[in-house]
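Look over the structure before reading on.

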Amino acid sequence: MILPGSTIGILGGGQLGRMLAIAAAQLGYRAHVYAPEAEQPAADVAFAATSAGYEDKAALEAFAAQVDVVTCEFENVPAKCLALLAARVPVRPGPRAFAIAQDRLAEKQFVAGLGGKPAQHAAVDDAETLAAALARLGTPAILKTRRFGYDGKGQVRIERPAEAPAALAELGGAALVLEAQVPFASEFSILVARGMDGSEVHYPPIANRHESGILVESVAPAPRVPAAHVEEAVALVIRIADALDYVGVLACEFFATATGPVFNEMAPRVHNSGHWTIEGAETSQFEQHIRAIAGLPLGSPALRVPVVSMRNILGNEVAGAHAFLADPHARLHLYGKREAAPGRKMGHVTFLRA
Ligand code: ATP
Ligand code: MG
């Protein structure tokens, strides 16, 4: 057990780290944020911050010496970095969850092995394997880099086989996977927290709406996803967490289809679609994650109100975001980022009614 007063190391300095650090502080922990970027929204609210690369051995060793447990808010932390830290200090969740989540093909194979249904897919390395994959899966399809994708980056939609060369050129040289486009009715996510003792809680299903691959809005509980499909998805996420001996919050994204939930991807961390839990659930996903990695009991994931929704504040929207406060039911969160690049997640607003 990592008792309050200890220091929690967080790899990654973004908004997820910021909200984890706030939750850690509430429970009497100190957060030490480690990230390569000079600007770290998490560092603003942390006890300590290190700005160094994930390959910087000396900086990682110094970080390991100053923290009692390490967790990640960023899922593309290199395997070597996690291995170096794990040899010195507990890393929760462990490196295996990252190895799987960092590779879209490995992730699909792993989940299929546990009885999950990912989209029809095929590994693609070049023009030949892409042509064969398109012939088998048909169009429209989505070509994705196996690694380092986020917010819809590293993906190209292919409407007709003739678009294949351009798609390949755009993703240039990386290992790829082609996915059949899933005819989904809606998208939803399931967030499970698993403790050191294997205890598990899950949040109500969350409906997610994406635009250009970026999450714009979440609603909990997800309307329109049949209860049986939610049950099937929750059971799968629990099997994934158990198989990985996972500790912390694990998020999985699903497509809701007529024939049941199709697994999209997993995130071995707290998740944008769970931001509403700060005000909308008895225990937020951030506090839940801190409790789990510290070996404390998990809290209730139950809703505090019948319906909660969350909207992301993207790019320039941040300039007028304070206007949301005209609604007395709105709770505004801004991440303190200086640069409002298009599509960048600058904040979110939670509404304690739909
Ligand atoms: P993030 O990590 O931010 O969730 P990502 O870059 O890993 O994003 P995906 O979840 O793979 O992206 O895709 C982003 C969105 O694009 C999905 O939520 C969905 O709306 C759409 N999409 C991706 N793959 C498919 C698919 N096979 N069929 C239908 N829609 C898809
Ligand atoms: Mg996604």
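## Domains

What distance separates the centres of domain 1 and domain 3, taken over C-alpha atoms? The centres of these two domains are 22 Å apart. The assignment, whose bounds come from an automatic or database source, gives the protein chain domain 1 (7-91), domain 2 (120-180) and domain 3 (186-353).

This is a predicted model, in which local features need pLDDT of at least 70 and side-chain atom pairs pLDDT 80 or more, while totals for chains, interfaces and linings use all residues. Residues are numbered from 1 along each chain as its sequence is written, chains are lettered from A and ligands numbered from 1 in the order written, and side-chain values use heavy atoms, without hydrogens and water.

## Contact between domains 1 and 3

In domain 1, 19 residues are in contact (heavy atoms within 4.5 Å) with 25 residues of domain 3. About 1800 Å² is buried between domain 1 and domain 3, and carbon and sulfur atoms give 65% of that area. Buried area is the accessible area (1.4 Å probe) that two parts lose on being put together, summed over both.

## Ligand 1

Ligand 1 lies between domain 2 (120-180) and domain 3 (186-353), because both give residues to the shell around it. Around ligand 1 there are 21 residues (a heavy atom within 4 Å); Lys144, Gly152, Val182, Glu187 and Glu265 come nearest.

Polar contacts are pairs of N or O atoms within 3.5 Å. A nitrogen atom of ligand 1 is 2.8 Å from a polar backbone atom of Val182. Oxygen atoms of ligand 1 lie 3.0 Å from a side-chain N or O atom of Gln155 and 3.3 Å from a polar side-chain atom of His210.

Note on methods
A polar contact is a pair of N or O atoms within 3.5 Å; within protein, one must be able to donate a hydrogen and the other to accept it, and residues adjacent in sequence count only if both atoms are side-chain atoms.
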